Amino acid sequence: MQPVAMANRPFAIRHYDADTLRNALRRMLLIRRFEEAAEDSYMRGLVHGTMHLSIGQEASAVGACLPLDDTDMITSTHRGHGHCIAKGADVARMFAEFFGKETGYCRGRGGSMHIADVSKGNLGANGIVGGGLPIAVGAALTAKRLGTGAVVVCFFGDGANNEGAFHESLNMAAIWKLPVLFVCENNHYGMSMAMDRASAVAAVADRAAAYAMPGVRVDGNDLSAVAEACHDAVARARVGDGPSLIECVTYRWRGHSKSDRNRYRTKEEIETWVARDPVRRFAALLMDHGLLNATDFDVLERSVADEISAGVAFAKSSPNPDPVLLTRDVYTDLAA
Amino acid sequence: MSAAAAVAPATASTTPITGAVVRDLSYAEAIREAMAIALERDPRVVLMGEDIGVYGGAFQVTGDLVHRFGPDRVMDTPISELGGAGVAVGAALTGLRPIFEFQFSDFATLAMEQIVNQAAKLRFMLGGAVSVPVVMRFPAGSGTGAAAQHSQSLEAWFGHVPGLKVVQPATPHDAKGLLLAAVHDPDPVMIFEHKLLYKTKGPVPEGHYTVPIGEAAVCRPGRDVTVVASAVMVPRALDAATQLAADGIDAEVIDLRTIRPLDRETLIASVAKTTRLVCVYEGVKTLGVGAEVSALIAESEAFDYLDAPIVRVGGAEVPIPYSPELEKAAVPQTADIAAAVRRVVRGAV
């Protein structure tokens with residue numbers, strides 16, 4: 001290892017071992033293929049309701065979770081499949097939840113917008129824009145009060161940064177110096193409204209100044225850049241220096257949800273961003289640094305494909321919830 | 001308010017405390033004592049709210065607790081109802097036992113998202129994988145001259161949400177026992193405290209005890225008519241019952257204590273016995289707590305026993321006005337309750 005050459009390498013390459021990096025790439029690929037398979041299942045009528053796909057945003061989900069361990073927590077959004085997988089969720093149980101089955105993460109009660117895996121520190125996706133922000137601050141309060149050392153990553157989108165909950169949450173996290181990272185995935189649109197029409201402030205990260213916390217804006221399609229910013233913020237949080245705001249500039253390739261007709265953006269704009277595919281980009285980075293070759297990538301692709309088809313098969317063959325148990329878990333069963 | 005002290009603590013359904021010293025405490029003191037006991041017994045308990053620290057709370061309910069337990073456990077929040085309530089929800093989700101005070105129940109309108117979409121639903125939505133043991137306290141009701149944005153009785157809103165439990169104590173004894181029950185409960189419990197009751201006194205045992213959530217109390221047994229009330233309507237109903245007794249009408253007064261879940265058995269048994277029902281509640285009459293109690297009886301076996309139409313005495317269809325005479329006219333008073341009972345019993349409905 002040459003110290004100078006080392007310093008010139010991207011953060012992820014300097015900081016993580018080859019297995020960790022290949023696993024990160026695998027998770028990005030798993031997110032991509034999971035969402036493609038979920039979309040396909042929807043088109044074929046196997047899944048009802050709606051879904052919000054994060055295809056194109058895989059680097060921010062995986063990059064932000066890279067510095068975390070299982071005792072650290074995340075809160076997620078309506079576009080949260082990537083966060084879920086990045087925090088270690090089992091795609092078979094995620095598919096089962098999509099299919100409304102009893103074996104799903106929420107036993108078929110929550111669907112796409114409510115998947116959680118508390119055992120992995122995933123406190124759940126959320127159907128309300130900004131709904132997870134105060135909850136993340138509360139989780140960080142618990143971590144501080146009980147001295148667990150845990151850090152909370154709070155994912156939200158550019159749409160949420162105009163909600164009152166965003167401002168109230170950043171303020172409270174700042175006054176109490178809580179161990180929380182506010183990770184904004186700025187995909188440029190809150191449903192159809194462009195960020196530059198919705199906010200007079202050009203960068204979400206600039207809003208950090210209003211709450212006396214560091215604000216960092218990174219290329220959200222560059223896993224290494226996301227991981228570096230989050231790594232620094234996690235380090236600050238762990239030593240009691242309080243919260244940070246990290247803006248990951250990215251783009252969703254698909255529409256907001258299944259009702260979206262893409263009337264508010266152009267094909268050319270979408271194509272520009274598809275060319276910046278975060279998965280291919282990270283794979284290329286690993287190849288450039290000799291940490292992955294074409295054969296490795298094929299093996300990885302095949303293992304992801306196998307996991308996806310096994311997950312779909314598990315979901316299809318799982319039992320539906322029993323309507324007799326309709327009201328189970330509205331309240332805790334105190335007799336149990 | 002003098003009648004409040006006369007409300008006997010319900011003993012039948014209360015955890016018995018052998019040999020506990022019973023003192024006269026105010027409703028506010030009883031709540032403070034319950035919070036102090038919770039803080040002493042469980043390091044996970046934290047109090048959160050606006051001006052609950054050195055100020056002592058807008059109604060002096062937290063009082064000196066910040067000096068006894070420190071600012072880390074008696075936390076002043078900024079004026080951020082949505083964020084504050086959400087922080088309490090997130091803290092409850094991850095292992096603390098927060099007791100969150102809204103300065104006025106009206107301000108909960110700013111926090112409905114976190115209460116209704118998050119606290120109430122998280123356990124169900126996540127398939128039972130989590131629970132949200134948060135307690136929220138709401139100083140509620142009219143009679144203080146605070147006008148339309150500081151005087152509402154919104155408990156029925158919360159009672160409409162599966163996943164929440166809603167209690168409404170009428171006595172210092174029940175205020176303490178229900179709060180301690182709420183702290184032990186694994187699910188979100190909303191406590192509606194009537195501001196007019198804060199200074200009323202009543203017997204309160206020392207030490208730890210709970211009043212079960214979901215149990216009403218028969219606070220005055222009677223033969224002729226069942227009067228169902230909650231919060232400050234309980235002492236008013238008892239005052240009315242005393243007046244009615246002089247006219248030979250023997251009213252049974254039931255204190256709901258919990259409005260979600262309602263105590264079906266106690267209500268049905270009482271109406272089956274008395275054959276008449278008057279529902280008294282301060283919230284707006286339309287779609288209120290009394291509407292639900294009426295429907296519960298109408299749909300139950302007690303319907304066959306009814307000798308008169310059910311009557312509701314509820315709040316007027318108006319925001320709470322400022323002027324004292326108008327304010328009184330907007331919510332049921334003792335005379336309104338007595339008049340309604342006379343009509344029901346004498347068949348002149």
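Start by selecting strand 10 (residues 225-229) and strand 11 (residues 251-255) of chain B: they pair in the parallel sense over five bridges. For a landmark, pick Val225(B), which stands opposite Ala251(B) in strand 11 of chain B. Keep in mind as you click around that this is a predicted model.

Now widen the selection to the whole sheet. Five strands of chain B make up this open sheet, ordered 9-11-10-13-14, and the pairing is mixed. At the edges you'll find strand 9 (217-220) and strand 14 (311-315) of chain B; each has a single partner strand, so one side of each is left without a neighbour in the sheet. From one strand to the next, the twist averages 25 degrees.

What lies across these strands? Show helix 8 (residues 233-246) of chain B, which lies across strand 9, strand 10, strand 11 and strand 13 (277-284) of chain B. Helix 8 of chain B runs at about 170 degrees to strand 11 of chain B.

Leave helix 10 on screen and bring in its partner, helix 9 (residues 264-274) of chain B. The axes of helix 9 and helix 10 (residues 289-298) of chain B come within 10 Å and cross at roughly 65 degrees. That makes helix 9 of chain B roughly perpendicular to helix 10 of chain B. The crossing is right-handed. For side chains, show Arg264(B), Leu267(B), Ile268(B) and Val271(B) from helix 9 of chain B, which meet Val293(B), Leu296(B) and Ile297(B) from helix 10 of chain B. By class, the residues of this contact are six nonpolar, no polar and one charged.

Next, zoom out and colour by domain. The domain assignment of chain B gives domain 1 (19-205) and domain 2 (217-345). Their centres, taken over C-alpha atoms, are separated by 26 Å. How many residues of each domain are in contact? Domain 1 of chain B brings 25 residues and domain 2 of chain B brings 23 residues. On the domain 1 side, the elements giving two or more residues are helix 6 (155-159), strand 6 (165-167), helix 7 (172-184) and strand 7 (189-194) of chain B. That side has twelve nonpolar, ten polar and three charged residues.

At the strand 3 end, strand 2 (residues 45-49) of chain B pairs with strand 3 of chain B in the parallel sense over three bridges. Gly49(B) has Asp76(B) as its bridge partner there.

Time to show both chains. Their contact takes 32 residues from chain B and 33 residues from chain A. On chain B, helix 3 (81-93), helix 4 (112-119) and helix 5 (122-125) each supply at least two residues, and the largest share, nine residues, comes from helix 3 of chain B.

Last stop: helix 4 (residues 58-65) and helix 10 (residues 223-238) of chain A. Their axes come within 8 Å and cross at roughly 35 degrees, in a right-handed crossing.

Note on methods:
Residues numbered from 1 in each chain as written. Chains lettered and ligands numbered in written order. Predicted model: local features only at pLDDT ≥ 70, side-chain atom pairs only at ≥ 80, totals over all residues. Contact = placed C-beta atoms within 7 Å. Helix = DSSP H or I, 4+ residues; strand = E, 2+ residues; numbered from the N terminus. Axes fitted to C-alpha atoms, helices over the stretch in contact; angles between N-to-C directions. Parallel < 35°, antiparallel > 145°, perpendicular 65-115°, else oblique. Left-handed = near helix turned anticlockwise from the far one by under 90°. Nonpolar A, V, L, I, M, F, W, Y, C, P; charged D, E, K, R; others polar. Domains from an automatic or database assignment. Pairing = 2+ DSSP bridges.
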